[in-house]
Amino acid sequence: VVLAQELGSTNQNTPVVSVTRISDKIVLDGQLNETGWKSAPAIGELVQQQPKTGQAPSEKTVIHLLHDDNNLYIGVIAFDREPDRIIATNMARDASLSSDDRIEILLDTFRDQRSAYYFATNPVGASVDGLAFGNGKLNTDWDAIWDLRTQQTDEGWTAEIAIPFKSLSFPEGSSTWGFNINRSIYRKLEQDRWSGARLEADFLQVSEAGEITNLTGLKQGVGLDIRPFIASRWLNEPGSDSDLDFDPGLDLFYNITPNLRFTGTVNTDFGETEVDARQINLSRYSLFFPEKRAFFLEDAGVFDFSSTGPSPAGGLARTGADVYPFFSRRIGLLNGAEVPLMLGGKLTGTIGSRDIGILYARTDETSLVEKKDFFVGRFKQNILEQSYIGGIVTDGHPSANTSGQTYGLDLHLATSDFLDRKNLVFNGYALRGQTDGVSGDDLSYGFWAQYPNDKWDAQFVFREIQENFNPGIGFAQRKNVRMYRVAGSYNPRPNDFLNIQQAFHDLYYTHFVNLENGQVESSELYVAPFDWHFFSGDAIHAIADFSRRFERLFEPFEISPGIILPSGDYYFNRSKISLASARKRPLSGNLSIGWGEYWSGRAEEITVSLSYKLPPWFRASISTRQTLAHLPEGDFTARVITATLNFAVSPSLSFSNLVQYDNRSDILGWQSRMRWTIKPGSDLFLSFNQGWTYRDDDVRSFDPTESKVAVKLQYTFRF
């Protein structure tokens, strides 16, 4: 390993290592016993990022890098003097490894310090992959074709990873990539990192990565992946004949150049997609449901826009006024019903110093809406080291006989060298969203600045969303408002005082003004004086959280069926406690209780969750969120109950079950899903959905509603 200053890099502290080229075959078995592994030097020592920043790790980690014409190989020997205490609780594909020992890898193939491929595994061989973008965001719904094997030994555990160059995009003529690797030893809450082991640097901060060189002679073949699939659905609804569909389809991926990729889909099926998490809306504003469909999630970071964020401190609410000029759930979904996607295509990648994204989709005709065409164009011109200026245009609207267009510009400025290597971020944007020729008061614009660092975190947000702003295939939670948020957090590390790893103290103030009359619409002061995270993994997230909230209703609001709050001003003070036990234990849980004034009366908000793990095969959890309101206009209870039961036979075969009930819709739903990865890139999905409606009468029973079975088999051919 040498320092980057010797090779002309801009950061003299950047580690650099040469990848050893081999001609011998590597057999993935987790043993690292081939000649290539023995001949390649290790990349150098990792450094503790926490808890003892800058010191040598408590356990040694040896990492080797190899490549041949077709693959990058990463070999990891993770020594552990207490191998019986290694934590590995999950081996399902794309499972959360946040409470496991794990290895995480970043590959910044364009060395642009902005985006990277993400790969992770744990001691039982879970495969997690994703796209890191925006210097801290991660989309793990992107699936690459890659392979790995792990082994647990008397000295710790090993991982042997092969990443085909066909699965990556990279510039021609460049032999240097950004690279970083992180090892987590969860029982010690320890993070060991190759590059950027500072408390101010998140691992997903691609700008902190080191460099790997000697990546020459790489082959992508023709650069074409063809993935045909067969999908079938059986649907049965009480009182009607059952319906059986059988449809073939095709997904296509083609690297036009090594850094420009086309993704196409025909007769797309989303039968493998997980159902949405239940929510009950007790606010006056729209709820946000994240995208879960694979076609739209792949390369989603390209379309990311600077009109959202910044993220608040853990456990605190977002502003509720994020703006998305492109929100892919507006394509193929209408009023909760699926609209078939006939075909779609995306062109994503990099041309010079510019990132581009172009998307086209056509949906089929249904009883609700005619055939529709949708278009999105996005570019980002990279400037400086971590910044860009960009633009977006969209065309289309999901509703029947309706059209819409959105245009906008955004600016992202970021540095990790502010005031002695601290982070500073600024984002600004301006958008026009028009529907069916409605003009005037159709703008949204704003900016936010954040100082996101380990000990101190501060932010200021300004955003305006005008009354007629309507991004046709976008999403805005609130309209006709001007919003301000100012916030600060002081988060010291008390050096073993009371075994506290870090103590968080937050102060947030959010203010909304109605644009029509200039009056305050809502505001909230939130104070979180105690949020203590212990080295044991337990946490007291709140002991004396306090919020002072104001809401002005300009018209009556039906907060629950039959319970209507009159227009007027409402002030309420609330408090909260929140506790969490360490997730490293087989049985863990969370408890949160909020109480105090609520609109015209009082309410208790209770959230309880329990989780049980039998590593690494079995995981079960149950949780409930309840609001028990006592108002002069009437009492009500809003309750959501969720249970999961997941079982993994191996890293390639897993079963998941999700059961949900809410007393607003009185619907009980169950989804059971199986995923069998026959080989990387080829999968069999099987899902079963069943619904019941609660009948609150003398019988008090759950009556079955629709039943649905979906099967999808896909197989990838690589050229």
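Predicted model: local features only at pLDDT ≥ 70, side-chain atom pairs only at ≥ 80, totals over all residues.
Q: In what order do the five strands of the open sheet stand?
A: Strands are DSSP runs of E, at least two residues, numbered from the N terminus. Two of them pair if DSSP finds at least two bridges between them. Here the order is 3-5-6-12-11, with mixed pairing. Strand 3 (20-21) and strand 11 (147-153) are the edges, each pairing on one side only.

Q: How many bridges join strand 5 to strand 6?
A: Seven, linking residues 61-67 to residues 71-79 in antiparallel fashion. L66 faces Y73 of strand 6 across the pair.

Q: Which strands pair with strand 37?
A: In a regular strand, side chains alternate between the two faces of the sheet. Strand 37 (residues 568-580) runs antiparallel to strand 34 (residues 539-553), with 12 bridges. R549 stands opposite F572 there. Strand 37 also pairs antiparallel with strand 38 (residues 587-598), over seven bridges. L579 has L591 as its bridge partner. A hairpin of six residues connects strand 37 to strand 38.

Q: Is D247 buried, partly exposed or exposed?
A: Buried means under 20% relative accessible area, exposed over 50%, partly exposed in between (1.4 Å probe, protein chains only). D247 is partly exposed because its relative accessibility is 36%. D247 lies in strand 17.

Key: Residues numbered from 1 in each chain as written. Heavy atoms only, no water. Helix = DSSP H or I, 4+ residues; strand = E, 2+ residues; numbered from the N terminus.
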